[in-house]
Amino acid sequence: MDVRIIPNNLKGKITIPSSKSLAHRAIISASLAEGESIIKNVYFSKDIMATIEAVKKIGAKVELGDDFVKINGSYPKLTSHTINANESGSTLRFMIPIAMLTGEEITFKGESNLINRPLDPYFKIFDEKNIRYKVKENYLPLTIYDKLIPGEFYLEGNISSQFITGLLMALPLLSSDSKINITSTLESKGYIDLTIDVLKKFGITIINNDYKEFIIKGNQKYKPCNYVLEGDYSQAAFFLVADALGADIEVVGLDLFSKQGDKKILDDLEDFGLKVEKNLDFIKVHGNPRGTKISFENTPDLAPALSTLAALSAGTSEFVDAERLRIKESDRISSMREELNKLGANVSETIDTMNFLGVNKLNGAILDSHNDHRIAMALAIASLKATGEIKIINASTVEKSYPNFWKDFESLGGKLIYE
């Protein structure tokens, strides 16, 4: 599905979907806990459905409600020898070590760009520990033949925290202790904090030694937990940026005390010279944005939304520590530069930076989502400053994380034509 956007200002109140990052972690943790857990305020995006289907393959019994999931879990026992993570990197990277707890042959498959997203940190571990595996082309399908064993693990910290999270979830269930050693500066620390916090709520203890090493005691047991998911700051970013560009939106459903790393969006907006009004009921943004310098070492998912803001902020902006943006659903540095420049923005790139010379307004254009949900949403927000119609090709890619995005966009006054 393509979408044509006729520029119009946005106004109203929007309730943000629950955190995808927390949902993955809570659903998997519940699937490993013997007994019944209820995860509430679930937003059933394609990525979350991929995780729900995956935990069924390791023996969890799952019942879906309107906005909740009831899960009866147990120690992993394969009900299928194939897990399809669809397009979800979190599902794939979290479930690989967990499925390996069974010691049975398991094949992981994926769709779209997931087959190209790196798994090298796991391959390195498999090679070091003589774990047999087979890959055909790219990274998927991946077949693993041997069991995960306790011990010491060495992981670089600058590829993706998802590999660390996968091990943090699986290793406590092994028969003896393990340690994860981080061999370079750990990026995306906020995601590791989320993992440790969710695991704690399900009865698992992880010792974090200054993000340099993680000590995991063996023979731990997950305990059932009723867990309420909070709003997702990475999704809120698009509407907060819209507010910064002149919309009049109250963003509802966010926890001001959240441990989500993407809560940094509030600080980033202030760095653009904006006033962020933080209430327990809603968050709102005021002011005229000016250029700034932002690091994406720990918050790569905020870059597409903030690229739209930087392109329309007075003066110059620089995004640094951004190289990992190149291995997301698309190469988000090149994707955003290419599409924003079609609209008349002035964006350039290096290997790990983006540079912006702000403009006051944008043109209309035909744009490509690059099959990337966050690119599509960021370009939709750019329409606020466009003088002509914007068409986004493959706009339905938002279903990966935010299926109701276009419906919510229309509820705020967005004018859309679906093709």
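**View 1. Phe108 in strand β7.** Phe108 belongs to strand β7, which spans residues 106-109 (strands are DSSP runs of E with at least two residues, helices runs of H or I with at least four, both numbered from the N terminus). The model is predicted, so local features need pLDDT of at least 70 and side-chain atom pairs count only at pLDDT 80 or more, whereas totals for chains, interfaces and linings use all residues. Residues are numbered from 1 along each chain as its sequence is written, and side-chain values use heavy atoms, with hydrogens and water left out. Phe108 counts as buried because its relative accessibility is 0% (buried: under 20% relative accessible area, 1.4 Å probe, protein chains only). Beyond neighbours within four places in sequence, the contacts of Phe108 include Ile83, Leu92, Met95 and Ile144 (contact: heavy atoms within 4.5 Å). Ile144 lies 36 residues from Phe108 along the chain, with 8.5 Å between their C-alpha atoms.

**View 2. His373 in helix α11.** Helix α11, residues 373-382, contains His373, which is buried at a relative accessible area of 1%. Residues touched by His373, apart from those up to four places away in sequence, are Glu329, Arg332, Thr397, Val398, Lys400 and Ser401. The side chains of His373 and Glu329 are joined by a polar contact of 3.2 Å (N or O atoms within 3.5 Å, one able to donate a hydrogen and the other to accept it; residues adjacent in sequence count only if both atoms are side-chain atoms).

**View 3. Pairing of strands β20 and β21.** Strand β21, residues 354-357, pairs with β20 in the antiparallel sense over three bridges (pairing requires at least two DSSP bridges). Met354 in β21 is the bridge partner of Glu349.

Technical notes
Buried < 20%, exposed > 50% of the residue type's maximum accessible area, 1.4 Å probe, protein only.
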